[in-house]
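Please keep the sequence and the model in view while reading.

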Amino acid sequence: MESIIENIKDINYFELFSLKQDLDPDLEELELKYFQLQAKFHPDKFINSSDSEKRISLYYTSLINDAYSTLKATEKRFEYLLSIKGFKFDEKNFQIDDKEFLIQQMEIREEFEDAMNNNKAERCKQIKDDITKNKDSLISDFKKSFINGSFDKSFDILKKIKFYSSIKF
């Protein structure tokens with residue numbers, strides 16, 4: 001049983017769903033295949049099975065859920081694609097080295113706080129919209145650099161995308 005779990009653990013998420021490894025997979029097809037796999041391997045189908053079959057089913061269902069949530073979400077999918085190329089996110093390498101970008105973000109936060117403190121709702125909305133546009137632009141840049149095989153650059157761009165996503169207003 002452990003060898004079965006080891007083999008399952010190493011499966012490529014795109015292969016799991018029989019999808020082409022792509023920056024923008026067909027999300028409707030992903031969802032359809034997700035439900036098909038869930039229907040096939042859900043633990044409820046293994047109630048009368050052996051304990052090892054139940055454990056495999058549970059493990060496989062968990063893997064299906066993780067794979068689905070990873071491929072469905074743009075940032076997680078980008079991070080996963082980079083992990084396939086040998087890039088791993090952790091606290092040590094998540095640091096953004098682009099000082100200009102960091103200064104710009106501090107200025108945006110200060111401007112937003114000022115707008116909030118002075119009840120300037122329209123300016124707050126504009127700042128949020130600008131952040132969304134900047135993030136969308138970075139997503140486009142990520143795709144271009146990834147397609148061109150510039151994985152180091154893609155990795156740095158994804159850090160910035162994640163930074164924008166972490167902003168709480």
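Phe78 and Phe142 are both buried, where buried means under 20% relative accessible area, exposed over 50% and partly exposed in between, with a 1.4 Å probe and protein chains only. The model is predicted, so local features need pLDDT of at least 70 and side-chain atom pairs count only at pLDDT 80 or more, whereas totals for chains, interfaces and linings use all residues. Residues are numbered from 1 along each chain as its sequence is written, and side-chain values use heavy atoms, with hydrogens and water left out.

*Ring pairs*

- The structure holds 12 aromatic pairs, counted when ring centres of Phe, Tyr or Trp (its six-membered ring) lie within 6.5 Å, with planes under 30 degrees apart taken as stacked, over 60 as edge-to-face and the rest as tilted.
- Phe78 and Phe142 form a stacked pair, with 4.1 Å centre to centre and 10° between the planes.
- Because Phe78 lies in helix α5 (residues 74-84) and Phe142 in helix α7 (residues 121-147), this pair ties together parts that are 64 residues apart in sequence; helices are DSSP runs (H or I, at least four residues) numbered from the N terminus.
- Ring pairs also link Phe78, Phe142, Phe146 and Phe151 into a cluster.

*Helix α7*

- The buried residues of α7 include Cys124, Ile127, Leu138, Phe142 and Phe146.
- These buried residues of α7 pack against α5, α6 and α8, contact meaning heavy atoms within 4.5 Å.
- Gly149, which follows α7, has a positive phi near 80°.

Key: Helix = DSSP H or I, 4+ residues; strand = E, 2+ residues; numbered from the N terminus.
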